[in-house]
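User: I'm new to reading protein models. Could you walk me through this one with some questions and answers?

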Amino acid sequence: MAKLIFYRQKRYDGGVRTGLELDGDPIGERFEGGEGERDPALIWYVDLRCEGPGIPDDPDLAEQWLFDHAPIIRDGFLRLAERLRAGTDKDIYSLKWSDFPDAPEGVSMTIACSAVRRVDGREISAVLKDIASHWEDILQTIEVPEGAEG
């Protein structure tokens with residue numbers, strides 16, 4: 001049973017890391033550098049975690065699967081963004097949300113997100129909306145390292 005994870009993380013130094021993992025192995029990653037002194041500690045993260053026999057176990061096919069299911073994924077991000085428009089409570093370590101009524105058969109889909117400070121918790125809705133609005137563009141910017149392709 002394959003497990004496919006899309007992740008996007010913002011660091012204290014302003015850097016943003018976006019990537020894909022399949023069964024714990026990287027498919028590809030992109031890092032947009034921040035400014036100032038290097039500080040890799042995270043301010044927030046958002047994961048889309050997909051698992052089940054409906055996920056291809058080949059990296060190229062798994063990446064294409066994310067493109068093919070873009071409408072379902074965008075809808076999930078937008079609905080969670082609406083739910084969190086006032087933010088999240090500061091004592092919640094990680095919010096997990098699995099309300100994907102149109103998920104492909106044989107696949108469970110979960111969005112997990114967390115922000116370090118209360119102010120960042122209020123901004124997580126905007127982050128989710130941004131991911132939804134630019135889903136395909138974000139996927140296209142992820143660089144696939146040599147040897148990761150099937």
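**A walk through the model**

User: How many disulfides does a search of the whole structure find?
Analyst: A disulfide here is a pair of cysteine sulfur atoms within 2.5 Å. Searching the whole structure on that basis, the number of disulfides found is 0.

User: What kind of model is this, and what average pLDDT does the protein have?
Analyst: This is a predicted model, where local features need pLDDT of at least 70, side-chain atom pairs count only at pLDDT 80 or more, and totals for chains, interfaces and linings use all residues. Residues are numbered from 1 along each chain as its sequence is written, and side-chain values use heavy atoms, with hydrogens and water left out. pLDDT is the predictor's confidence in each residue, from 0 to 100. In this protein 87% of the residues score at least 70, and the average is 87.

User: Which pattern does the protein follow along the sequence?
Analyst: Helices (H or I, at least four residues) and strands (E, at least two) are DSSP runs, numbered from the N terminus. The protein has 4 helices and 6 strands. Reading along the sequence, you get β-β-β-β-α-α-β-β-α-α.

User: In what order do the strands sit in the open sheet?
Analyst: Two strands count as paired if DSSP finds at least two bridges between them. The open sheet has 6 strands with antiparallel pairing, in the order β3-β2-β1-β4-β6-β5.

User: Why is one side of β3 and of β5 left without a neighbour in the sheet?
Analyst: Look at the two edges, where you'll find β3 (25-32) and β5 (95-97). One side of each has no neighbour in the sheet because each has a single partner strand.

User: How many bridges join β4 to β6?
Analyst: These two strands run antiparallel. The number of bridges joining β4 to β6 is 8.

User: Which residue in β6 does W97 stand opposite?
Analyst: β5 and β6 run antiparallel, joined by 3 bridges. Opposite W97, the residue in β6 is I111.

User: Is C50 buried or exposed?
Analyst: Buried means under 20% relative accessible area, exposed means over 50%, and partly exposed is in between (1.4 Å probe, protein chains only). C50 has a relative accessible area of 0%, so C50 is buried.

User: Why is β6 largely enclosed by the rest of the structure?
Analyst: Count the buried residues in this strand, which has 8 residues. β6 is largely enclosed because the number buried is 7 of the 8.

User: How many residues are in the largest nonpolar core?
Analyst: A nonpolar core is a set of buried Ala, Val, Leu, Ile, Met, Phe, Trp, Tyr and Cys residues joined through side-chain atoms within 4.5 Å. In the largest one, L4, V46, L48, L66, F77, I111 and W135 touch the most other members. Helices α3 (118-133) and α4 (135-141) are among the elements that give it two or more residues. The core's residue count is 37.

User: Which helix holds I131, and which residues is I131 in contact with beyond its neighbours within four places in sequence?
Analyst: I131 counts as buried because its relative accessibility is 0%. I131 and R8 are 123 residues apart in sequence, with their C-alpha atoms 8.8 Å apart in space. The helix is α3. Contact means heavy atoms within 4.5 Å, and the contacts of I131 are F6, R8, V46, F77 and I138.

User: Is D23 buried, exposed or partly exposed?
Analyst: D23 is in the loop between β2 and β3. Its phi is near 55 degrees, a positive value in a residue other than glycine. Its relative accessibility is 41%, so D23 counts as partly exposed.

User: How far apart are the C-alpha atoms of K3 and M109?
Analyst: K3 is in strand β1 and is partly exposed, with a relative accessible area of 37%. K3 and M109 are 106 residues apart along the chain, and their C-alpha atoms are separated by 10.0 Å.
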